[in-house]
Amino acid sequence: MNRRKTAEDLLRESEQRYRRLLDSVTDYIYTVRLENGTAAATFHGDACLAVTGYKPEDYAADPLLWYRMVFEDDRKAVQDRITAVLRGETPPQIEHRIVHRNGSIRWVRNAVVPRHDEQGRLIGYDGLVKDITHRRKVEEQLQHAQKMEAIGQLAGGIAHDFNNILTAMIGYGSVMKMDMKDGDPQGEHIDHILALADRAAELTQRLLLFSRKQAGNLKPLDLNKAVGKAKKLLKSLIGEDIDFQLMSCPASTAGAAAGPENLIVRADTAQLEQVLMNLAANARDAMPGGGRLIIETGLYEMDDDFVRAHGYGTPGRYAFMGVTDTGTGMDENTQKRVFEPFFTTKEVGKGTGLGLSVVYGIVKQHNGYITVSSEPGKGAAFRVYLPIIHGEAEREKTAETPVPQRGRETVLLAEDDADVRRFMKSVLDKFGYRVITATDGKEAVHKYRKHRGRVELLLFDLVMPRKTGKKAYEEIRKMTPDIKVLFSSGYAPDIIRQRALLDDNMPVAYKPISPTDLLAKVRDVLDKGKASQG
């Protein structure tokens, strides 16, 4: 009995080893026999099963099966190639898609060699098929990343000037509002202007966000709690005509495994909320007549099958967040482009095409992955995977709105943009500071030498003509080592790091900046060290 059981175990192990070997094969040889210029019979190697899902006998029984399995959009290219073979040519290899027996789309590379009889007549051709699906998916990922990089560089280039303009707009509007009396009829117009400027600033930040290499304030948090906290906000976003369900659980669907109730990930709370809001808003727009939106979380065990199927990923434990709707859905071409910046299927004026690009960028910054599956008329499902970490979530701190404080110190302000310079001087003057202005770094050094005994803070734009704010500060620090400085910049933080413009511990006021935030940062830099001195 034991001997027979051992034999059965060995046979089962042999079959499993053969199956693994067969599944790993991505090449097979086929032969087509021609009669009167058409396929009379086809013979396919055993490995065709792993690549196409069909057995050699399936092809033998149906000589045209190999052509029908070609993806419809690629059939013309394949037919043109066959025509070239029938003319006696040896065409170059071609890459095209096929429909696997299970319905999935595979990419193959197909090379053909004509076969002639002794009289030189074409009697058939032989071919080699190689499954290149994984390579194509990797290439698509690379192309997408390159598009993101190009847009990111463009965004970084325009951000400095655009944020200067917005800083002046928001600043002057806020100063005007401060000077108005309650009930002033012009106040409503100012509010509209500030609201539009805020929208423009948000658009710039969204454009920059998806292209950044690193996320902002990363800290351990519980994904279940973070999603649950956003429930009320999400309900108000999607409206009452959509059935909203939130399901938080330690385990999800296929590929999931049992695990702890707390799904601890390292994430930026605000950016994670933005991912949820963007995905929920897209789902809402896809269900104009109402429908159902399901947001679920769980633990997901990513394996090699996931990596092979998607062309990316690292096996391991991930927190899973899914957003599924019953809306209009998407075709295959739309799914391929859905994360591209500026791509949108919405009407002109109803979408910027940045929402899902931002989502893609945030997920990448968090070392995660995002997938989409959809069919026209059958809704869409987005899946976000974030690496699980060991540890406990940090407790959130209650944020307080800073109240602008007055000051009497002398500030040396160096800013090459005249509108921004006038705005900052106006705000600082209004709150009691004495301000000396300079138009660039070189003039700032000259003014400091002239007023060295009075200046207590340098407020320098980071990038200026003739001499940058950083170089001007370094020159002044040789004269006064403990001089305090606050830099301002219209560039994103990651661009500043990439270009090594500043150390991470240097204080920066990022544009566009409101008068309240500017005053708070100025006061914060000036007050540092006073407590220990007192």
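Colleague: In which loop is the place of Arg466?

Modeller: The model before us is predicted. In this model, phi of Arg466 is near 70°, a positive value in a residue other than glycine. With a relative accessible area of 60%, Arg466 is exposed. Its place is in the loop between strand 15 (455–461) and helix 16.

Colleague: Does Asn367 count as buried or exposed?

Modeller: Asn367 is found in the loop between helix 13 (355–365) and strand 11 (369–374). Its phi is near 60°, a positive value in a residue other than glycine. The cut-off for exposure is over 50% relative accessible area. Asn367 has 57% relative accessibility and therefore counts as exposed.

Colleague: What is the omega of the cis peptide bond that joins Lys511 and Pro512?

Modeller: Pro512 lies in the loop between strand 17 (508–510) and helix 18 (515–527). The cis peptide bond joins this proline to Lys511, and its omega is about -5°.

Colleague: How many helices and strands does the secondary structure of the chain come to?

Modeller: The chain has 534 residues, of which 43% count as buried. Among contacts between residues at least 6 apart in sequence, 67% join residues at least 24 apart. The secondary structure comes to 19 helices and 17 strands.

Colleague: How do the residues of the contact of helix 15 with helix 16 divide into nonpolar, polar and charged?

Modeller: The crossing of these two helices is right-handed. From helix 15, Gly441, Ala444, Val445, Tyr448 and Arg449 meet Ala472, Glu475, Ile476 and Met479 in helix 16. The residues of this contact divide into six nonpolar, one polar and two charged.

Colleague: Which residues have the most contacts inside the largest nonpolar core?

Modeller: In soluble globular proteins, nonpolar side chains tend to be buried together. The largest nonpolar core here has 39 residues, and those with the most contacts inside it are Leu293 and Phe382.

Colleague: How many residues has the second, separate core?

Modeller: Tyr448 of helix 15 meets helix 16 in the contact described above, as do others of its helix. Ile476 and Met479 are among the residues of helix 16 in that contact. Tyr448, Ile476 and Met479 are included, together with Met506, in the second, separate core, which has 22 residues.

Colleague: How do the residues of the contact of helix 9 with helix 10 divide?

Modeller: The axes of helix 9 (residues 231–238) and helix 10 (residues 269–285) come within 10 Å and cross at roughly 25°, and the two helices are therefore roughly parallel to each other. Helix 9 passes helix 10 in a right-handed crossing. Leu233, Leu234, Leu237 and Ile238 in helix 9 meet residues of helix 10 that include Glu273 and Arg284. The residues of the contact divide into eight nonpolar, no polar and two charged.

Colleague: Which residues does Leu518 touch, not counting those up to four places away in sequence?

Modeller: Leu518 lies in helix 18 and, at 0% relative accessibility, counts as buried. From Ser488 it is 30 residues apart in sequence and 9.5 Å apart in space, C-alpha to C-alpha. Leaving out residues up to four places away in sequence, Leu518 touches Met424, Leu459 and Ile513.

Colleague: How do the residues of the contact of helix 14 with helix 18 divide?

Modeller: The axes of helix 14 (residues 418–430) and helix 18 come within 10 Å and cross at roughly 70°, which makes helix 14 roughly perpendicular to helix 18. The contact is made by Phe423, Met424, Val427 and Leu428 of helix 14 and Pro515, Leu518, Leu519 and Val522 of helix 18. These residues divide into eight nonpolar, no polar and no charged.

Conventions. Residues are numbered from 1 along each chain as its sequence is written. This is a predicted model: local features need pLDDT of at least 70, side-chain atom pairs count only at pLDDT 80 or more; totals for chains, interfaces and linings use all residues. Side-chain values use heavy atoms; hydrogens and water are left out. A crossing is left-handed if the near helix is turned anticlockwise from the far one by less than a right angle, and right-handed if clockwise. Helices (H or I, at least four residues) and strands (E, at least two) are DSSP runs, numbered from the N terminus. Contact means heavy atoms within 4.5 Å. Ala, Val, Leu, Ile, Met, Phe, Trp, Tyr, Cys and Pro count as nonpolar, Asp, Glu, Lys and Arg as charged, and the others, Gly among them, as polar. A nonpolar core is a set of buried Ala, Val, Leu, Ile, Met, Phe, Trp, Tyr and Cys residues joined through side-chain atoms within 4.5 Å. Buried means under 20% relative accessible area, exposed over 50%, partly exposed in between (1.4 Å probe, protein chains only). Axes are lines fitted to C-alpha atoms, for helices over the stretch in contact, and angles run from 0 to 180 degrees between N-to-C directions. Angles under 35 degrees count as roughly parallel, over 145 as roughly antiparallel, 65 to 115 as roughly perpendicular and the rest as oblique.
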